[in-house]
Amino acid sequence: MIYNLSAPTKGPNYGIEDHVHVDEDDFNLIVNSGPWTLYVKNGKRSAIRWEGRKMVHMHRLIMAAGPRDYVYHTDGNGLNNRRMNLSASRVMQDALGLFG
C-alpha cells in the first residue's frame with residue numbers, strides 16, 4: 001500500500017512531497033501513529049515523525065526495533081518499508097554481512 005508523506009514545513013526539503021510503500025498489515029499502524037513526513041539526509045530519503053524532540057523512523061517502528069537494533073533496506077530505497085525489504089540485526093556488522 002502507498003502512504004503519502006506530508007512535505008516538510010521548513011528546511012532544505014521544504015514543500016517536497018513523496019510517498020512510501022508499506023505492507024497492508026502495517027498500514028493501520030502507520031496511519032494511527034502519524035503524521036509522517038519526508039526526511040532527506042545525504043541524498044537518502046526516509047519517512048519520519050516527531051515525538052517531541054525525538055525523531056522516529058518508520059522502518060524502525062515497523063520492525064519494532066530497539067535502540068541498539070540496526071534496521072536496513074535491502075534494496076537501498078528508504079521509502080520502501082515493506083517487510084520483505086527490511087532486515088534487522090543487533091549489531092551493524094551482522095546486518096551488513098561483514099562477519100560470518
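Let's start at a turn: in the hairpin of E4 and E5, Gly52 takes a positive phi near 65°, and 2 residues lie between the strands. Keep in mind that this model is predicted.

**The strands around the turns**

E4 takes part in two hairpins, one with E3 and one with E5. In the hairpin of E3 and E4, Asn42 has a positive phi near 55°. The table sets the two pairings side by side.

| Strand pair | Sense | Bridges |
|---|---|---|
| E3 (residues 37-41) and E4 (residues 44-51) | antiparallel | 5 bridges |
| E4 and E5 (residues 54-57) | antiparallel | 4 bridges |

**The core**

Which residues make up the largest nonpolar core? There are 12 residues in all, among them Val20, Val22, Trp36, Leu38, Met58 and Ile62. Strand E2 (18-22) and helix H2 (58-62) are the elements that give two or more residues to this core.

How much space lies in the largest pocket? The volume is about 500 Å³. Of its 15 lining residues, Lys44, Ser46, His57, His59 and His73 are the closest to the centre. E3, E4, H2 and strand E6 (70-73) each give two or more residues to the lining, and E6 provides the largest share, with 4 residues. By residue kind, the lining of this pocket divides into 7 polar, 4 nonpolar and 4 charged.

Methods
Residues numbered from 1 in each chain as written. Predicted model: local features only at pLDDT ≥ 70, side-chain atom pairs only at ≥ 80, totals over all residues. Heavy atoms only, no water. Core = buried A, V, L, I, M, F, W, Y, C linked by side-chain atoms within 4.5 Å. Buried < 20%, exposed > 50% of the residue type's maximum accessible area, 1.4 Å probe, protein only. Pairing = 2+ DSSP bridges. 1 Å grid on protein atoms, 1.4 Å probe; cavity = no way out; pocket = protein on both sides within 12 Å on 5 of 7 lines; lining within 4 Å. Points joined across faces, edges and corners; volume = space filled by probe spheres on them. Nonpolar A, V, L, I, M, F, W, Y, C, P; charged D, E, K, R; others polar.
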